[in-house]
Amino acid sequence: MSVKSTIEWTDATWNPIRGCVKVSPGCKNCYAERFAQRFRGVRGHPFEQGFDLRLVPEKLREPLRWLTPRMIFVNSMSDLFQEGVPISYIGDVGRVMEEANWHVYQVLTKRHTRMKELISGPLAWLGELPNVWFGVSVEDRKYGLPRIKALLETPACVRFLSVEPLLEDLGTLDLSGIDWVIVGGESGPKARPMEEKWVLSLLGQCRQFGVPFFFKQWGGVRKHETGRRLRGKTYGEFPTTHKWKNPN
(Lines give C-alpha, C1' and ligand atoms only; values in the text may rest on other atoms or scores of the structure.)
Protein backbone atom coordinates (compact mmCIF):
# COMPACT_ATOMS: atom_id res chain seq x y z
CA MET A 1 0.00 0.00 0.00
CA SER A 2 1.17 3.50 -0.73
CA VAL A 3 0.18 5.65 2.24
CA LYS A 4 0.22 8.81 0.16
CA SER A 5 -0.68 8.66 -3.50
CA THR A 6 0.13 11.29 -6.12
CA ILE A 7 -3.04 10.36 -8.00
CA GLU A 8 -5.25 13.43 -7.65
CA TRP A 9 -8.55 11.67 -6.92
CA THR A 10 -7.44 9.31 -4.17
CA ASP A 11 -5.48 9.32 -0.92
CA ALA A 12 -3.69 6.00 -1.09
CA THR A 13 -3.25 2.87 -3.18
CA TRP A 14 -3.55 -0.80 -2.21
CA ASN A 15 -2.30 -3.57 -4.46
CA PRO A 16 -3.12 -7.11 -3.27
CA ILE A 17 -2.72 -8.01 -6.97
CA ARG A 18 0.06 -6.96 -9.31
CA GLY A 19 0.26 -7.07 -13.08
CA CYS A 20 -2.26 -6.97 -15.88
CA VAL A 21 -2.90 -7.61 -19.60
CA LYS A 22 -3.81 -4.94 -22.16
CA VAL A 23 -7.38 -5.08 -23.41
CA SER A 24 -8.15 -1.82 -25.24
CA PRO A 25 -6.57 1.38 -26.68
CA GLY A 26 -6.58 3.06 -23.28
CA CYS A 27 -3.95 0.54 -22.17
CA LYS A 28 -1.52 1.37 -24.99
CA ASN A 29 0.82 3.56 -22.91
CA CYS A 30 -0.02 2.07 -19.51
CA TYR A 31 1.88 3.85 -16.72
CA ALA A 32 1.72 0.81 -14.44
CA GLU A 33 3.27 -1.48 -17.03
CA ARG A 34 5.98 1.05 -17.80
CA PHE A 35 6.85 1.28 -14.11
CA ALA A 36 6.71 -2.46 -13.39
CA GLN A 37 8.76 -3.58 -16.38
CA ARG A 38 11.68 -1.43 -15.24
CA PHE A 39 12.20 -3.84 -12.36
CA ARG A 40 11.74 -7.16 -14.14
CA GLY A 41 14.47 -9.49 -13.00
CA VAL A 42 15.52 -7.31 -10.06
CA ARG A 43 15.73 -9.89 -7.30
CA GLY A 44 13.66 -9.05 -4.23
CA HIS A 45 11.84 -6.12 -5.84
CA PRO A 46 8.00 -6.16 -5.65
CA PHE A 47 7.98 -6.14 -9.47
CA GLU A 48 10.69 -8.71 -9.94
CA GLN A 49 8.25 -10.49 -12.28
CA GLY A 50 7.59 -7.33 -14.26
CA PHE A 51 3.93 -6.80 -15.09
CA ASP A 52 2.97 -10.47 -15.01
CA LEU A 53 -0.19 -11.20 -13.04
CA ARG A 54 0.58 -12.13 -9.44
CA LEU A 55 -1.56 -12.41 -6.33
CA VAL A 56 -0.01 -10.79 -3.25
CA PRO A 57 -1.83 -12.30 -0.25
CA GLU A 58 0.65 -10.80 2.21
CA LYS A 59 -0.79 -7.38 1.25
CA LEU A 60 -4.41 -8.35 1.83
CA ARG A 61 -4.83 -7.07 5.38
CA GLU A 62 -2.94 -3.80 5.09
CA PRO A 63 -6.05 -1.53 5.22
CA LEU A 64 -6.89 -2.98 8.62
CA ARG A 65 -3.67 -1.57 10.02
CA TRP A 66 -4.34 1.91 8.64
CA LEU A 67 -6.58 3.62 11.20
CA THR A 68 -6.98 7.03 9.57
CA PRO A 69 -9.92 6.97 7.12
CA ARG A 70 -8.73 7.20 3.54
CA MET A 71 -9.96 6.94 -0.01
CA ILE A 72 -8.06 3.95 -1.36
CA PHE A 73 -7.57 3.13 -5.03
CA VAL A 74 -7.74 -0.67 -5.15
CA ASN A 75 -5.21 -2.22 -7.52
CA SER A 76 -3.69 0.86 -9.09
CA MET A 77 -1.14 -1.57 -10.57
CA SER A 78 -3.61 -4.19 -11.74
CA ASP A 79 -7.30 -4.99 -12.29
CA LEU A 80 -9.31 -6.84 -9.65
CA PHE A 81 -11.67 -8.44 -12.16
CA GLN A 82 -9.21 -9.67 -14.76
CA GLU A 83 -9.26 -13.31 -15.81
CA GLY A 84 -6.75 -15.23 -13.76
CA VAL A 85 -7.80 -13.75 -10.44
CA PRO A 86 -9.82 -16.46 -8.65
CA ILE A 87 -13.30 -15.54 -7.48
CA SER A 88 -12.32 -16.65 -3.99
CA TYR A 89 -9.44 -14.17 -3.97
CA ILE A 90 -11.68 -11.32 -5.14
CA GLY A 91 -13.90 -12.31 -2.23
CA ASP A 92 -10.93 -12.12 0.13
CA VAL A 93 -10.22 -8.57 -1.06
CA GLY A 94 -13.88 -7.73 -0.57
CA ARG A 95 -13.95 -9.11 2.99
CA VAL A 96 -11.11 -6.78 3.94
CA MET A 97 -13.01 -3.83 2.46
CA GLU A 98 -16.06 -4.92 4.45
CA GLU A 99 -14.09 -5.26 7.69
CA ALA A 100 -11.99 -2.08 7.35
CA ASN A 101 -15.13 -0.07 6.62
CA TRP A 102 -13.76 3.27 7.80
CA HIS A 103 -12.07 3.59 4.41
CA VAL A 104 -13.62 4.27 1.00
CA TYR A 105 -12.41 1.87 -1.70
CA GLN A 106 -12.29 2.90 -5.35
CA VAL A 107 -12.40 -0.21 -7.54
CA LEU A 108 -11.71 0.65 -11.18
CA THR A 109 -11.85 -1.94 -13.96
CA LYS A 110 -11.81 -2.50 -17.70
CA ARG A 111 -13.26 -6.00 -17.16
CA HIS A 112 -16.85 -4.79 -16.96
CA THR A 113 -18.41 -8.08 -18.02
CA ARG A 114 -16.80 -10.12 -15.26
CA MET A 115 -17.45 -7.42 -12.68
CA LYS A 116 -21.14 -7.37 -13.57
CA GLU A 117 -21.42 -11.17 -13.51
CA LEU A 118 -19.74 -11.52 -10.13
CA ILE A 119 -21.43 -8.59 -8.40
CA SER A 120 -24.77 -9.76 -9.76
CA GLY A 121 -24.10 -13.34 -8.63
CA PRO A 122 -21.66 -15.01 -6.25
CA LEU A 123 -20.25 -11.75 -4.88
CA ALA A 124 -23.56 -9.86 -4.60
CA TRP A 125 -22.75 -8.90 -1.00
CA LEU A 126 -19.84 -6.85 -2.32
CA GLY A 127 -22.16 -4.58 -4.28
CA GLU A 128 -24.09 -3.83 -1.09
CA LEU A 129 -21.12 -2.28 0.71
CA PRO A 130 -21.63 1.52 0.84
CA ASN A 131 -17.90 2.19 1.22
CA VAL A 132 -16.95 0.39 -1.99
CA TRP A 133 -17.22 2.44 -5.18
CA PHE A 134 -17.19 0.61 -8.50
CA GLY A 135 -15.99 2.30 -11.66
CA VAL A 136 -15.06 1.58 -15.27
CA SER A 137 -12.46 3.13 -17.55
CA VAL A 138 -13.83 4.97 -20.58
CA GLU A 139 -11.35 6.08 -23.22
CA ASP A 140 -13.41 5.99 -26.43
CA ARG A 141 -16.81 5.09 -27.80
CA LYS A 142 -16.03 1.57 -29.05
CA TYR A 143 -14.67 0.18 -25.78
CA GLY A 144 -15.85 2.71 -23.22
CA LEU A 145 -19.58 2.95 -23.90
CA PRO A 146 -20.27 -0.79 -23.40
CA ARG A 147 -18.47 -0.51 -20.07
CA ILE A 148 -20.83 2.27 -18.97
CA LYS A 149 -23.82 0.13 -19.90
CA ALA A 150 -22.47 -2.81 -17.91
CA LEU A 151 -21.69 -0.59 -14.93
CA LEU A 152 -25.25 0.74 -14.90
CA GLU A 153 -26.47 -2.87 -14.85
CA THR A 154 -24.15 -3.74 -11.95
CA PRO A 155 -25.73 -3.52 -8.49
CA ALA A 156 -23.52 -1.11 -6.58
CA CYS A 157 -24.00 1.68 -4.04
CA VAL A 158 -21.69 4.11 -5.85
CA ARG A 159 -20.76 3.99 -9.56
CA PHE A 160 -18.13 6.12 -11.24
CA LEU A 161 -16.42 6.67 -14.57
CA SER A 162 -12.72 7.26 -15.08
CA VAL A 163 -12.64 8.92 -18.49
CA GLU A 164 -8.90 8.73 -18.89
CA PRO A 165 -7.12 8.85 -21.18
CA LEU A 166 -9.86 10.59 -23.12
CA LEU A 167 -9.06 9.79 -26.76
CA GLU A 168 -12.07 11.17 -28.64
CA ASP A 169 -15.42 12.90 -28.27
CA LEU A 170 -17.69 10.43 -26.47
CA GLY A 171 -20.95 11.96 -27.68
CA THR A 172 -24.03 11.89 -25.49
CA LEU A 173 -23.76 9.62 -22.45
CA ASP A 174 -26.34 8.09 -20.15
CA LEU A 175 -25.22 9.39 -16.77
CA SER A 176 -28.38 8.43 -14.90
CA GLY A 177 -27.19 6.16 -12.11
CA ILE A 178 -23.62 7.48 -12.30
CA ASP A 179 -22.34 9.14 -9.11
CA TRP A 180 -18.99 10.56 -10.20
CA VAL A 181 -17.03 11.32 -13.37
CA ILE A 182 -13.26 11.76 -13.55
CA VAL A 183 -11.78 13.14 -16.78
CA GLY A 184 -8.15 13.38 -17.81
CA GLY A 185 -5.72 13.36 -20.69
CA GLU A 186 -2.90 10.92 -21.21
CA SER A 187 0.52 11.74 -19.79
CA GLY A 188 3.99 10.43 -20.51
CA PRO A 189 6.44 10.37 -23.41
CA LYS A 190 3.91 9.06 -25.97
CA ALA A 191 0.84 10.90 -24.72
CA ARG A 192 -2.03 11.21 -27.18
CA PRO A 193 -3.72 14.64 -27.37
CA MET A 194 -7.06 15.54 -25.79
CA GLU A 195 -9.24 18.37 -27.11
CA GLU A 196 -10.88 20.91 -24.82
CA LYS A 197 -14.26 20.58 -26.53
CA TRP A 198 -14.40 16.88 -25.57
CA VAL A 199 -13.89 17.80 -21.92
CA LEU A 200 -16.42 20.64 -21.99
CA SER A 201 -19.01 18.28 -23.45
CA LEU A 202 -18.57 15.93 -20.50
CA LEU A 203 -18.66 18.79 -18.01
CA GLY A 204 -21.92 20.00 -19.50
CA GLN A 205 -23.47 16.55 -19.33
CA CYS A 206 -22.38 16.14 -15.71
CA ARG A 207 -24.04 19.44 -14.86
CA GLN A 208 -27.19 18.34 -16.67
CA PHE A 209 -27.39 15.11 -14.64
CA GLY A 210 -26.12 16.62 -11.38
CA VAL A 211 -23.05 14.37 -11.38
CA PRO A 212 -19.87 15.51 -9.53
CA PHE A 213 -17.06 16.27 -12.00
CA PHE A 214 -13.34 15.85 -11.34
CA PHE A 215 -10.89 17.15 -13.95
CA LYS A 216 -7.64 15.33 -13.25
CA GLN A 217 -5.22 16.72 -15.81
CA TRP A 218 -4.56 17.86 -19.37
CA GLY A 219 -1.69 15.40 -19.51
CA GLY A 220 0.96 15.53 -22.20
CA VAL A 221 4.69 14.97 -21.99
CA ARG A 222 5.02 17.46 -19.11
CA LYS A 223 1.77 17.16 -17.21
CA HIS A 224 2.91 19.40 -14.37
CA GLU A 225 3.20 22.23 -16.87
CA THR A 226 -0.21 21.69 -18.50
CA GLY A 227 -1.90 21.35 -15.10
CA ARG A 228 -5.54 20.62 -14.35
CA ARG A 229 -7.35 23.91 -14.72
CA LEU A 230 -10.24 24.03 -17.18
CA ARG A 231 -11.20 27.48 -18.47
CA GLY A 232 -9.46 29.00 -15.44
CA LYS A 233 -11.13 26.76 -12.85
CA THR A 234 -10.11 23.63 -10.94
CA TYR A 235 -12.80 20.96 -10.77
CA GLY A 236 -12.25 18.57 -7.86
CA GLU A 237 -15.71 17.31 -6.93
CA PHE A 238 -16.45 13.98 -5.21
CA PRO A 239 -19.58 11.91 -4.55
CA THR A 240 -21.40 13.07 -1.45
CA THR A 241 -23.03 9.76 -0.63
CA HIS A 242 -20.46 8.43 1.81
CA LYS A 243 -20.27 9.13 5.53
CA TRP A 244 -16.90 8.47 7.14
CA LYS A 245 -16.73 6.00 9.99
CA ASN A 246 -14.24 5.70 12.82
CA PRO A 247 -12.33 2.44 13.33
CA ASN A 248 -13.72 0.33 16.13
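Does R111 count as buried or exposed, and at what relative accessibility?

Modeller: The model is predicted, so local features need pLDDT of at least 70 and side-chain atom pairs count only at pLDDT 80 or more, while totals for chains, interfaces and linings use all residues. Residues are numbered from 1 along each chain as its sequence is written, and side-chain values use heavy atoms, with hydrogens and water left out.

R111 counts as buried because its relative accessibility is 13%; buried means under 20% relative accessible area, exposed over 50% and partly exposed in between, with a 1.4 Å probe and protein chains only. R111 sits in the loop between strand 5 (104–109) and helix 3 (112–119). Helices (H or I, at least four residues) and strands (E, at least two) are DSSP runs, numbered from the N terminus. Not counting residues up to four places away in sequence, R111 touches C20, V21, V23, D79, F81 and Q82, where contact means heavy atoms within 4.5 Å.

F81 leads on to F134: leaving aside neighbours within four places in sequence, the contacts of F134 include F81, V107, M115 and I119. F134, L161 and F213 have the most contacts inside the largest nonpolar core, which has 55 residues. Such a core is a set of buried Ala, Val, Leu, Ile, Met, Phe, Trp, Tyr and Cys residues joined through side-chain atoms within 4.5 Å. Another core, of twelve residues, lies apart from it, and F73, L108, W133 and F160 are among its members.

Strand 6 (residues 132–137) has six of its six residues buried, so it is largely enclosed by the rest of the structure. V132, F134 and V136 are buried on one side, and W133, G135 and S137 on the other. Strand 6 pairs with strand 5 in the parallel sense over five bridges; strands pair if DSSP finds at least two bridges between them. V107 is opposite F134. Five bridges also join strand 6 to strand 7 (residues 158–163), again running parallel, with S162 as the bridge partner of S137.

These strands belong to an open sheet of seven, in the order 1-4-5-6-7-8-9, with parallel pairing. Strand 1 (12–14) and strand 9 (213–217) stand at the edges with a single partner strand each, so one side of each lacks a neighbour in the sheet.
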